[in-house]
Amino acid sequence: KYVEIIDEDPNTDRATAEATTSRFMAKLSARGLRKPLFVALESPQAETASNIDCVAIEAYMTLPFDQNNIPNAVQSMNNIIQARKDSVIPGKCIIMVMQAYDRNGYITNVDVMKALQYPAYLKSFNDSRVAAITMFAYARPGGSRSHPELKAIHQEMSKSLTHFNG
C-alpha cells in the first residue's frame, strides 16, 4: 500500500526530501506503478515536504531515563508522543513507530519495556490522522525474540490494529 522512505538524519531539509521522493516517484512511474505514501523520519524540516503524505513519529523514550519509576516513564512517553503529534502539520497522516525493543540492551527492566508499549497504541486509537503503527518487535534484537513476554502484547495490539480508525 505504501513505500516508506526512512531518513534518520535530523538535518535533512525540505528540498532534499522533495528531491529524493521525486526521483523515487519518477522511477516508480517509469515502471507503471502508482504513487505510494512517503514517510519522513527524524527531521521536522523534511516533514514539510509537499510530496510526503505521511509523517512517522518515533514513540521512543529519550535515553537515559529512570527505569525504576514506571509511572514517570509512561507519563514522559505520553508527553513525547503528544508533542510530536501536535507538531505534525495539518493534512499529513501519521505513522506511529512504537518502541517495541530494548534499545540495543539499554532498557534492562522488562516491566518498563512492557509499559512503554501502550502509550503509542493508546495515543493512536481513534485518531483519524494515525494510519498505522510500526513495531520493531521481532526482527530487531531485544524485541519479542529476546523477550518472549512481549509477544502477547504485540499480538494483541496487532489484532486490534486491523480495526483502527474505521
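This is a predicted model: local features need pLDDT of at least 70, side-chain atom pairs count only at pLDDT 80 or more; totals for chains, interfaces and linings use all residues.
Helix α2 covers residues 70-87, 18 residues in total. From its first C-alpha to its last it reaches 26 Å, close to the 26 Å expected at 1.5 Å a residue. At the start of α2, a side-chain oxygen of N69 lies within 3.0 Å of the backbone nitrogen of N72.

Five residues of the helix need attention next: A73, M77, N78, I81 and K85 are buried in α2. Viewed down the axis of α2, the buried residues fall within an arc of 140°, so they line one face of the helix. An α-helix has 3.6 residues a turn, so residues three or four places apart point the same way. P71 and D86 are exposed, and they sit on the face of α2 turned away from its buried side.

| Element | Residues |
|---|---|
| β2 | 54-59 |
| β3 | 93-98 |
| α3 | 110-115 |
| α4 | 118-124 |

Strand β2 is one of these partners. In β2, 6 of the 6 residues are buried, so the strand is largely enclosed by the rest of the structure. C54, A56 and E58 point one way from β2, while V55, I57 and A59 point the other way. In a regular strand the side chains alternate between the two faces of the sheet.

β2 pairs with β3 in the parallel sense, over 6 bridges. Within this pairing, A59 stands opposite M98 of β3. The chain runs from β2 through α2 to β3, and this β-α-β crossover is right-handed.

Key
Residues are numbered from 1 along each chain as its sequence is written. Side-chain values use heavy atoms; hydrogens and water are left out. Helices (H or I, at least four residues) and strands (E, at least two) are DSSP runs, numbered from the N terminus. The expected span of a helix is 1.5 Å times one less than its number of residues. Buried means under 20% relative accessible area, exposed over 50%, partly exposed in between (1.4 Å probe, protein chains only). The arc is that of the directions from the helix axis to the C-beta atoms. Contact means heavy atoms within 4.5 Å. A polar contact is a pair of N or O atoms within 3.5 Å; within protein, one must be able to donate a hydrogen and the other to accept it, and residues adjacent in sequence count only if both atoms are side-chain atoms. Two strands pair if DSSP finds at least two bridges between them. A crossover is right-handed if, with the strands pointing away from the viewer, the path from the first strand over the helix to the second runs clockwise.
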